[in-house]
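Here is a short tour for anyone opening this structure for the first time. Have a look around, then read on.

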Amino acid sequence: MQEAIAKADTLIEAMGWIRRFRGKTTVIKLGGSVLDDENALMHILLDVIFMETVGMKPVVVHGGGKAINRALAESNVEPKFIHGRRYTDDATLEVVRRVLAGEVNQFLTDEIERLGGRAMNLSVHSTNVLFGEQLHLDSGEDLGHVGQVTEVDRSVIEGLLYTDQVPVIPSFCEGKDGRCYNVNADTAAMAVAQALGAEKLVFLSDVNGVRMDKDDPDTIIHSLSETEARALIDSGHIASGMIPKVEACLETLGRGVGKVHIVDGRLRHSLLLEIYTSEGVGTEIYK
Ligand SMILES: Nc1ncnc2c1ncn2[C@@H]1O[C@H](COP(=O)(O)OP(=O)(O)O)[C@@H](O)[C@H]1O
Ligand SMILES: CC(=O)N[C@@H](CCC(=O)OP(=O)(O)O)C(=O)O
């Protein structure tokens, strides 16, 4: 009986923050690192289902860089990255379309349903909601079929949220000319969060946040201003896959998105902790 009473107390305690976030949209970006960790992924998806159950409107945007690398390795293609983005030739685009927009997207949707939630996959294989154009780097380097999102079909996403379903969106977009583009998943999540005017954008990765020394978890920086973040990119402290993530955070802020966080998806309940603890668990980036 005591145990049941304690559980009921916990539910009552949760009432305040559930009320605060009910009806507000949270965009959750799942990276290849957490997608590859079966146990971490299951706990993240359970948090997502909980959010949906209590009316918090989670939207999942996902990458799948590691799965793409594996598929390319089977065809003996060496992955090539320029400023954290994959150089995408014709053959690579086909793999990204099959693996990211197809297999990974379907798997995540099925997993949410298997764990008791309701989800719908939104990709070029079903209903596409991301539209865009080819990305040209300032440096002039050619990235091939890499795109950026210029338009998000909000009505489809909001329709699903209205009927308590979790939209699951891969980082893959279609141009006006019908051509498809591979989009970095951090920037895709940013575009979705902006279009929806999300309350929060949370990047779940395999590090505890932005670190001064990328290999030392103790050097985590809990709070980072725009100026500090840019300086850390210039000095090389923020490198590889962390660059598009931090750039996406900076781009998003001040464009209608409330808060942006980079959080360790391997930490159990990191998503819920991020929402209901005032101090948060990862790195918060601010303007
Ligand atoms: N300053 C930094 N702090 C934390 N991680 C960093 C930093 N610089 C580079 N990284 C690297 O960025 C990686 C996260 O980016 P990425 O591999 O693209 O993750 P995901 O697949 O989750 O999007 C980390 O695993 C880490 O190796
Ligand atoms: C253009 C570009 O780099 N696209 C990414 C898309 C997937 C992605 O970003 O996945 P993660 O979040 O797991 O890194 C790629 O091909 O790897």
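## Contacts with the ligand

On its own, ligand 1 exposes 570 Å², and the protein buries 82% of that (accessible areas by the Shrake-Rupley method, 1.4 Å probe).

A quick word on the basis: this is a predicted model, where local features need pLDDT of at least 70 and side-chain atom pairs pLDDT 80 or more, while totals for chains, interfaces and linings use all residues. Residues are numbered from 1 along each chain as its sequence is written, chains are lettered from A and ligands numbered from 1 in the order written, and side-chain values use heavy atoms, leaving out hydrogens and water.

## The shell around it

There are 19 residues around ligand 1, and Lys29, Ser205, Arg211, His237 and Lys245 come nearest (near means a heavy atom within 4 Å). By class, the shell has 6 nonpolar, 8 polar and 5 charged residues; Gly counts as polar here, and Asp, Glu, Lys and Arg as charged. At least two shell residues come from each of α2 (32-35), β11 (200-205) and α9 (242-252), with helices being DSSP runs (H or I) of at least four residues and strands (E) of at least two.

## The largest pocket

Where does ligand 1 sit? It sits in the largest pocket, as more than half of its atoms lie within 2 Å of the pocket's grid points. A pocket is an open set of points on a 1 Å grid over the protein atoms alone, where a 1.4 Å probe fits, with protein on both sides within 12 Å along at least five of seven lines; lining residues have an atom within 4 Å of a point.

This pocket holds about 950 Å³ of space, the volume filled by probe spheres set on the points. Its lining counts 38 residues, with Ser33, Ser240, Gly241, Met242 and Lys245 closest to the centre. Helix α4 gives the most to that lining, 4 residues.

## The second largest pocket

The second largest pocket has a volume of about 700 Å³. Of its 32 lining residues, Arg85, Leu135, Thr187, Glu247 and Glu251 are closest to the centre. The lining splits into 15 nonpolar, 8 polar and 9 charged residues.
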